[in-house]
Number of protein chains: 4
Amino acid sequence: MSDFVLKVNCPDRAGLIYEISKIIFSLGLNIEKNSEFVNSEHKWFFFRAILSGNVDEIRLESDLKSILPSGGEVELIKRRKKDIVILVTKESHCLGDLLIRYFSNELHANILSIVSNHKDLSTLADKFEIPYHHVDAKDLSREEHEQKIIETIDNYSPDLIILAKYMRILTPLFVDHYKGQIINIHHSFLPAFIGANPYKQAYDRGVKIIGATAHFVNNDLDEGPIIDQDVVSVNHDFSWKDMKRAGQNIEKIVLSRAIDLALDDKIFVFKNKTVIF
Amino acid sequence: MSDFVLKVNCPDRAGLIYEISKIIFSLGLNIEKNSEFVNSEHKWFFFRAILSGNVDEIRLESDLKSILPSGGEVELIKRRKKDIVILVTKESHCLGDLLIRYFSNELHANILSIVSNHKDLSTLADKFEIPYHHVDAKDLSREEHEQKIIETIDNYSPDLIILAKYMRILTPLFVDHYKGQIINIHHSFLPAFIGANPYKQAYDRGVKIIGATAHFVNNDLDEGPIIDQDVVSVNHDFSWKDMKRAGQNIEKIVLSRAIDLALDDKIFVFKNKTVIF
Amino acid sequence: MSDFVLKVNCPDRAGLIYEISKIIFSLGLNIEKNSEFVNSEHKWFFFRAILSGNVDEIRLESDLKSILPSGGEVELIKRRKKDIVILVTKESHCLGDLLIRYFSNELHANILSIVSNHKDLSTLADKFEIPYHHVDAKDLSREEHEQKIIETIDNYSPDLIILAKYMRILTPLFVDHYKGQIINIHHSFLPAFIGANPYKQAYDRGVKIIGATAHFVNNDLDEGPIIDQDVVSVNHDFSWKDMKRAGQNIEKIVLSRAIDLALDDKIFVFKNKTVIF
Amino acid sequence: MSDFVLKVNCPDRAGLIYEISKIIFSLGLNIEKNSEFVNSEHKWFFFRAILSGNVDEIRLESDLKSILPSGGEVELIKRRKKDIVILVTKESHCLGDLLIRYFSNELHANILSIVSNHKDLSTLADKFEIPYHHVDAKDLSREEHEQKIIETIDNYSPDLIILAKYMRILTPLFVDHYKGQIINIHHSFLPAFIGANPYKQAYDRGVKIIGATAHFVNNDLDEGPIIDQDVVSVNHDFSWKDMKRAGQNIEKIVLSRAIDLALDDKIFVFKNKTVIF
C-alpha cells in the first residue's frame, strides 16, 4: 500500500470531476489532494490527484479510460525517488547546487551519473561519488558524439535527463529519444536572447533585469515548454560578466525548482506550454 | 439563469469531492471551474466552484448541507458587481488608483461613496462624481466619531468597506459591526513595523526591502488575515520619504489585487489566515 | 540662488574628479550630492552633481569645457518643474496614474496637454482640467496625421513627451524632431515580444513571468535605450487578458518611475543604453 | 604595485571631494572607480575609491587624515583574497553554496576552516578538504563552549567569520572579540519573526511572502546592521516545512551576496545601518 499520483487530461465536458471522483471513491481510495484546471482556449481538462489506499492500478486505469472522452490520457505513477542523469559542460553552479541538495537529502531523486563533453567537473562529481563519464567530442561528428552520449545515458535508464549548463546543441534524434524527459536551464529570460552568450546580448541591449528559464527540450532550440522563470535586477554598473554572475544564482534556483516540480509529477505538457499544479 | 460562486468549507473526510460534485451534477449544473484545498494541520476542507445552469439556490444549499460534516459552511453567491464604500484620510494614491480603475470599468464594483475624517480628498471624489462624506472628528470622542461613520456607511449597505489609507484606529465595535467586510492596506510588510509611521521605522532599521500588506481587519491592530503582500528594494540612499514614495506604488497595487480577490469571492478566512483560489 | 543639476560626460582620463571638483570649489559652489561612473568598455566618464550656491552658469560651463577631453559634454540644468505632453490612445491606466500623481503634487511636472488619436480619454482629461486634443487619423496619411500631432505638441514646447500607451508607430521624422525627449512604455519585457499584442504572444509562448519596459524612443521600433523594467509572475491559469490586466499594473509603475528619473535629470543616454544615478 | 580600496567617512562639509581627490592626484594615483554618499540626517560623508598606482600607504593615510574633520576615519585596504572561517550547525544549504563557489573560484576568499557544535557537516567539509572542528557543547557552559570556539577560530586569524546557519546565540564577549567581522544569515525578513523558528512563526501568521536577511552581528540578537535581504512568494498551500525549503534558496543567495560585498570592502557600517557601494 503506497501513494500514487493520478494525472488525467482530456477534452473538457460536464461531469468529469464527478465521474472521476466516483470511480476513485468506488474503488475505496482516498484523494489526499487534488487539483483541476480547464484550458478554456482549447476546452481541455487537466486533473491531478494524490491517492492513498489499496490501489489496483489496472482496474483504476481501465475504469477511468472507459469514461474519458476520446483523446483522453490517464497516468498513474507510483511515488518513488526518480532516477536522473545530469549533463554538464564546464560550469559548476547548477551541478553543485544539485549535488549539495542530493547530499542533504533535499533532492527527491537518485543522481545515477554525470555525463559531460569535458573533463572539468569530474573532480566535483568524485567528491560526491557519482560516476562521471567524459564523452569527448574530439574527432567525432555531432551525430557520432551524441550517439555515444545516448549509449552512456541509456545504461542508466533514467526517468529524467537534466541539462545543467550542457553547452552543446542537441539533434532531433536525441530529443526524440528522450521525449518529454529532458529539462534544460536557459541562461536568459526566454524568449529574449535566444542562442549563444545571452549575458553579452543582455549587456549590449542595456537591460535592467536579467532572468533564467527552465524548460523541457523539444526540437527547436530554446523553444520547449517553459516550467519556471525568475529574474534579478541589474544596472549600468554591471559588466556582462557581473550579469553572468548574478544570473548564475537565478539559474541554479530556477533549475532546482523546475526539477522538483517534475520529480513530484506536478507538470502537464500541452501544446508547447505547461500546466503546473 | 446566471453564474454562481459556490464556497464550501468543512472538516475534511474522504469522498467530499465526489459527494459535492454528485449533487451539483444531479441538479443539472455545470462546474465552469473549481478549486479545492485541504489544510492538513487542521484537517479542514475548502472548495470553490463557479457554477452555470439553472441554479435552484435553496435546493442546492440544503442538499449540500445535508452531506457536510458538522461545522461545515456553504455559501452560494450570485455573481454581480459588489457595492463598496471607501474610507480615506488624506493620501490620494490608493483612492486614486481605485477611481481610475472604476472609471475604466476595470474594477468589478460600484463605488457608492467615500467617507473621510478630512476634507482633503473631496475634490478628487467630485471629479468622479462619487458622494464624499466628511465626518469631522473634532470635538467628538472616538466612539461618537465612529458612530457617525457607521451611520454614514450603513446608509449605503455596502458589501465591502475599503480602508484606502484611513489613518484612524478602529474600535472593536466598528470591526464587529462589519465582520469580515473590511479590507485594509497596511504600509509595511507585516508583521514587521506594526503601528505608526512604518516607513520611519523601516528607515531607522536600515532595511533593504520595504513592503505593503492588504488584510482583513479584526480586533487587533494590524493583526487580521493577510490577503496579499508585495515588496520593493530600497537602499541607503533612500530617505524615509523616498521609502514612503516607493512604498506607495506597492500599497496601491497590493490593495487593488486584494480587492479584486474579494470581489471575485476567491478568499476563505480560516483561523486568522486566508485560503485564496 | 537656486539648485542646479550638473551633468558631465566625456572620454575617461585620470584626474577628472579632481579637476571638476576644483572648478566647482573655486567658484564657491557646494556639491549637495554627486555620482560618478566610468564605462570601462568604452572608457567613458559620467558625472552628475547637485550644486547649490550662487551659480554663474556661463562661467561654470566654460571652465568645465576648457578642461574636458575632446568629445566631452556639459549640461547645467536649473531645477524646476518640467513641462510634459502626454500622448494616449484608448487605455487609461498609465494616463490615470500620472493624473492622480499630478493631482496630489507627487509628479514633479506640469502636464500641459494630452494628445490622442481617439476621443475616448477626453472625459478623463476633463476631470483634471487638462487640455485634450483629439487628432483624428481618419482620411490622413501617416505623415499628415503625424504632422498635425507635431503641430499640436509644438504649441506647448514641452520638455518631455510621454507615450502613455500611444498605439501608433512613429516615423523617423517625429522621433528626430523630439530627439531624446520621448519616453515610451512598452507592454512587455523587451527584447521579448517586440511588436503588436505582446500579451497574446506571451500567452502563446506560455511564459511564467511578464514584464514592462520604459525606454527612450529612437528610430527602431522598441529599440531605444531602456530606462526601467519590472515583472510579475503569471501561470497557466492566466488568459492573455488576465496577463494584460496584471501587466497594466507593472506598466503604470515602470512608466511612472522612468518619468521621475527623467524629470530629475538622473539619466544619461550613451550608445543606446542608459546610465542612471 | 597593486590595487587598494580607500574608504573614508567623516562629518560632511563642503569641498571634501575636491580635497580628497587632490591628495590622490598629487600622489600620482589613479581613481579606477569611486562612489560617494552623504547621509543627510546625520550630515556624514562616505567615500570609497579603488586606487591604482604606486601607493605610499603611510603618506596617503596621513595626508588624508590631516584634512578630514574631527571624527573622520580612513581605511586603506590592499586588495587580496580574504580569509574566512565558517560556523555551522546542521543545515548544509548555505555552507554547500559557499563550498561550491569556493571550488569553482567564484568566491574571492580562502575558506580556512569550518567550526561547528555538531558533527553532521564534517563529511561535507572533508569532500572539499577544509579542516572541520567539532566543538561539542556537551557538559560545557555557554561561556566555556564559546571560549573553545574562539580559541579554534583564533588559530586561523580570519578576516571574516560567517555564521552559515550557526544555531547558537552568541554572547557579547564573542561579538566584541570579533567586532564588525561577523556576518549572519537570519532565516526571516527582519525585523519580522525575530528569534526561533521564524518559518513556523511565518506559517502561523499566514504571510504571503517570506524572506531572509544577512546582517553584521552585534550584541542584540537579530539586531545588527542589515547588508542584504530578499523574499519569495508563498501561499496557503505551503506547510511551514515548504516555507523553510523555499526560504533556504533565498538564505543561501542572500548570504552569498552579502559575503561578496564584504569581501570587496563595499560596506560601511554607520549607526547600526549599512552604506553599500
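Arg205(C) forms a salt bridge with Glu223(A), their closest N and O atoms lying 3.8 Å apart; a salt bridge is a side-chain nitrogen of Lys or Arg within 4 Å of a carboxyl oxygen of Asp or Glu. Between chain C and chain A the count is two salt bridges. This is a predicted model, in which local features need pLDDT of at least 70 and side-chain atom pairs count only at pLDDT 80 or more, while totals for chains, interfaces and linings use all residues. Residues are numbered from 1 along each chain as its sequence is written, and side-chain values use heavy atoms, without hydrogens and water.

**Chain C and chain A**
- In contact (heavy atoms within 4.5 Å) are 32 residues of chain C and 32 residues of chain A.
- The two chains bury about 2700 Å² between them, 58% of it on carbon and sulfur atoms; buried area is the accessible area (1.4 Å probe) that two parts lose on being put together, summed over both.
- Within chain C, Arg205(C), Lys208(C) and His236(C) lose the most area to chain A, together 27% of what that side buries.

**Domains of chain A**
- Chain A is divided into domain 1 (4-78) and domain 2 (82-276), with bounds from an automatic or database domain assignment.
- The contact involves 12 residues from domain 1 of chain A and nine residues from domain 2 of chain A.
- These domains of chain A bury about 940 Å² between them, 70% of it on carbon and sulfur atoms.
- On the side of domain 1 of chain A, Lys7(A), Phe46(A) and Arg48(A) lose the most area to domain 2 of chain A, together 51% of what that side buries.
- Between domain 1 and domain 2 of chain A, the count is zero salt bridges.

Notes: Chains are lettered from A and ligands numbered from 1 in the order in which they are written.
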